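Here is a friendly briefing to read alongside the model. Please take a look at the sequence and structure first, then walk through the points below.

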2 protein chains.
Amino acid sequence: MQQLLDNITSIVDLTSQEAEKISEKFRTFFLKRKKDLLRGGDICKDIAFVSQGCVRSYTIDENGNEHVIQLAFENHWISDLYSFLSLEPSTLFIEAIEDSKLLLISNELLEQLNSEVPKMERFFRILIQRAYVSTLQRLEKSFSEPAAIRYKALIEKNPDLLQRVPLIYIASYLGITPESLSRIRKQRH
Amino acid sequence: MQQLLDNITSIVDLTSQEAEKISEKFRTFFLKRKKDLLRGGDICKDIAFVSQGCVRSYTIDENGNEHVIQLAFENHWISDLYSFLSLEPSTLFIEAIEDSKLLLISNELLEQLNSEVPKMERFFRILIQRAYVSTLQRLEKSFSEPAAIRYKALIEKNPDLLQRVPLIYIASYLGITPESLSRIRKQRH
């Protein structure tokens, strides 16, 4: 739980009472590799903080092909925010890539928490703001930067990505075929 | 200004004092067609609410090609949030597609406003949250849905898009060539 509190205090200061109230609202959840936290069609009831492990979200298109939307390592948050907020069925699947330890908070408890600790509203605003900005930049780069440059930047930002995430998921995250990714990787050696 | 207040009160309730404080912080700005509100390399100092007209943001890649990132019609907000928040130089250009009337608020006045009217923090959290969710969905769909389907959905959501936005920008927004967009439009007739 300290890891979660450290993540929150990197953005907002907390008193020990506030820290305690936050800790009470989250529950620990162990998710085995390949198991789903969320299945498309279900309502996303929790936001997850990744304490250990690695999790991905993906969508399945009408031809049955998977597309990786997000990769979340330790100290990152993952959810289908649209479904979580609107209570509409999710279009995303969330699955563990490694055995993972998650800290979950439900919509109901998050609302309680926001009113008990108003700073959490500020924390989530800033968290979502950063996620929004980085998603806009990813969209912008998917239009304007060659995949080889986006691959290089991804590896530099996540040096252990190749050890932890199958190439097929990395290719999908970049929006390219596994064959294109192989070609890019060969050119770099 | 009433239009701006209506946009805000669609998300949070306001007292008349709060409405007045908000109105004081925004300034009206007329932007002629083809003129820039923001140029890449400059720091984005304002968030803009589109009161009349239509505005786009775009990026220019290393080969000099433009890529449309956002289209904002009346009652929508536009900015380079990354630059606005971080005070780093923008990678985006923001330009009027039609003669437009904008309501602008600077970073400094927005901070003042957030402390004078704490509800505004909540308003912007929800606004950004929605923008984030819709950008994630757009990213997801750019991977998983054929351009023809994305074009159809865009037109349904913005029935006067074709009358107001040049086809070259619509193609760019969809991440396809103008030739592909022509083919898609012919198939539909």
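The same surface serves both copies, as 100% of the contact residues of chain B recur in chain A (contact means heavy atoms within 4.5 Å).

This is a predicted model, in which local features need pLDDT of at least 70, side-chain atom pairs count only at pLDDT 80 or more, and totals for chains, interfaces and linings use all residues. Residues are numbered from 1 along each chain as its sequence is written, chains are lettered from A in the order in which they are written, and side-chain values use heavy atoms, leaving out hydrogens and water.

**Chain A overall**
- Chain A has nine helices and eight strands (DSSP runs: H or I of at least four residues for helices, E of at least two for strands, numbered from the N terminus).
- The C-alpha atoms of chain A fill a box of roughly 55 × 35 × 30 Å along the principal axes.
- Of the 189 residues in chain A, 51% are buried (under 20% relative accessible area with a 1.4 Å probe, protein chains only).
- Among contacts in chain A with a separation of 6 or more, 69% join residues 24 or more positions apart.

- The contact between H6(A) and H9(A) is made by A:Ala147, A:Ala148 and A:Tyr151 of H6(A) and A:Leu181, A:Ile184 and A:Arg185 of H9(A).

Definitions and conventions
Buried means under 20% relative accessible area, exposed over 50%, partly exposed in between (1.4 Å probe, protein chains only).
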